[in-house]
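Dear colleague,

Please find below the structure that I am handing over to you. My notes on what was found in it follow directly after.

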There are 2 protein chains.
Amino acid sequence: MENKEKGSKEKQILAAAEQEFLTMGYDGARTTSIARRAGVTHAMLHYYFRTKEQLFERIVDEKFSAMSHSMFAIMGDPSLPVLERIIGGVESHFDFVAENPLLPRFVINEIVARPEHCDILHKRIAHVVGALYRELQLEIDRAAENGEMERVDVRMLFISIMSMNIFTFLAYPFMEPLMGELMADREQFLKKRKAENVETILRRIKKQKDVV
Amino acid sequence: MENKEKGSKEKQILAAAEQEFLTMGYDGARTTSIARRAGVTHAMLHYYFRTKEQLFERIVDEKFSAMSHSMFAIMGDPSLPVLERIIGGVESHFDFVAENPLLPRFVINEIVARPEHCDILHKRIAHVVGALYRELQLEIDRAAENGEMERVDVRMLFISIMSMNIFTFLAYPFMEPLMGELMADREQFLKKRKAENVETILRRIKKQKDVV
DNA sequence: GAATTGTTTAACAATTTTGTTAATGCAAAA
DNA sequence: TTTTGCATTAACAAAATTGTTAAACAATTC
């Protein structure tokens, strides 16, 4: 055999398909292009995955579950104090999105284009998410009672966190040329942006008194 | 003539194309489907716009400029005090996106797919945006000197505002089934979400002292 | 080494989609 | 009324894209 490991061709095709689907979307992706990227004939792709649709399902499954995993990252470590937990959650979620910058756009597009895809996903994760945020909401309420933080709706807080973390990467290509030197150095900008998101969330939940 | 106004068919095609391109993207859109929506033969579409590409350009131009217009909305009314100005900006930007909920996804996708499109746009608006935020930054710095607000980087603030306003609509279909009763009534949720975004930004910029 | 099984290729078929054209209609100008 | 020019249609052509198949090939098992 030419390829060391069994399934090497299959894996090559999957890797190429991931690239292609994430950047181009389902409609934009070409099976011939995927095959070319993978270095195989396009008949091979059909041999392994039968149809474009089935190949796509494989990628969707993988990516959707990565995405839902990233949502849990917001929850942070349950053993920590609630405030640290939220802030840690913001940071780890930011890091996750930074490592998978193409994922949000892909997920959003696929959901709009094929709502049926996420029905399945939602059924799988809805109750877990529900349980998690109920638990965290209790902690928040308790901390709020003690005057340690503002009483906030944890779901609203999640939306804010995801908004700021995800949008940073969604809009990067659009904003970059408009922001002058601020975004010139990507690494540095992301560091600043992460700190800004943390600060913004922190101020949202900290008990504070107006000076003015 | 059958159609009252001149250019009625042309307008019908443009409206149908807008619908189709915004929801399906360039690759997902079908010229035959656009023609069907518009109630004309697909040859008519080619007669008026020659190619799918040219029809698409028309829509892109229109939508990109709407999008850049929405960025200016964040700036608010220059005659007002800076704090009101920012808050008013958040609100009017939110309202704009609420009226054009498909726009952000479209713009983001087109930019990733065809960076050359936004080069043109950026050249048109970069200096205006630059001037506007320099002006607002001065106001912020002045207010900060007087202890009326925090000293913040206006560009970072814009990113936060756009993040929270836009993401609300981007992720709506994904979040809705996960959020229980919170998002069940769209109107009510959007009202809450707008208030939440305002509150978050307000807390980010207000001079505050920790209680804890 | 013969049979079996899974892999690979090249050629081809089917379909979808975009784009063209030649013929027709229709309204206003000459 | 004839002509001119735009609008419209239906049929067709071209291209791209997905999917199939039969045959060759390689590896493994018996």
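Between chain B and chain A of this predicted model, the count of salt bridges is 6. In one of these, the side chain of B:Glu196 meets that of A:Arg204, with 2.8 Å from N to O. Polar contacts were also examined: 21 residue pairs make them across the interface of chain B and chain A, both residues being at pLDDT 80 or more.

On the side of chain B that touches chain A, at least two residues each come from helix 1 (8-28), helix 6 (103-113), helix 7 (115-145), helix 8 (154-170), helix 9 (172-175), helix 10 (186-205) and strand 1 (208-210). Helix 8 of chain B gives the most to this side, namely 10 residues.

As to the extent of the interface, 53 residues of chain A and 53 residues of chain B take part in the contact. The size of an interface is often expressed as the accessible area lost when the parts come together. Here chain B and chain A bury about 5,600 Å² between them, and 67% of that lies on carbon and sulfur atoms.

One further element may be of interest to you. Helix 4 of chain A covers residues 52-73, 22 residues in all, and its first and last C-alpha are 32 Å apart, close to the 32 Å expected at 1.5 Å a residue. Among the buried residues of this helix are A:Leu55, A:Phe56, A:Ile59, A:Val60, A:Phe64 and A:Met67, together with A:Lys52 and A:Lys63.

With kind regards

Notes
Residues are numbered from 1 along each chain as its sequence is written. Chains are lettered from A and ligands numbered from 1 in the order in which they are written. This is a predicted model: local features need pLDDT of at least 70, side-chain atom pairs count only at pLDDT 80 or more; totals for chains, interfaces and linings use all residues. Side-chain values use heavy atoms; hydrogens and water are left out. Contact means heavy atoms within 4.5 Å. Buried area is the accessible area (1.4 Å probe) that two parts lose on being put together, summed over both. A salt bridge is a side-chain nitrogen of Lys or Arg within 4 Å of a carboxyl oxygen of Asp or Glu. A polar contact is a pair of N or O atoms within 3.5 Å; within protein, one must be able to donate a hydrogen and the other to accept it, and residues adjacent in sequence count only if both atoms are side-chain atoms. Helices (H or I, at least four residues) and strands (E, at least two) are DSSP runs, numbered from the N terminus. The expected span of a helix is 1.5 Å times one less than its number of residues. Buried means under 20% relative accessible area, exposed over 50%, partly exposed in between (1.4 Å probe, protein chains only).
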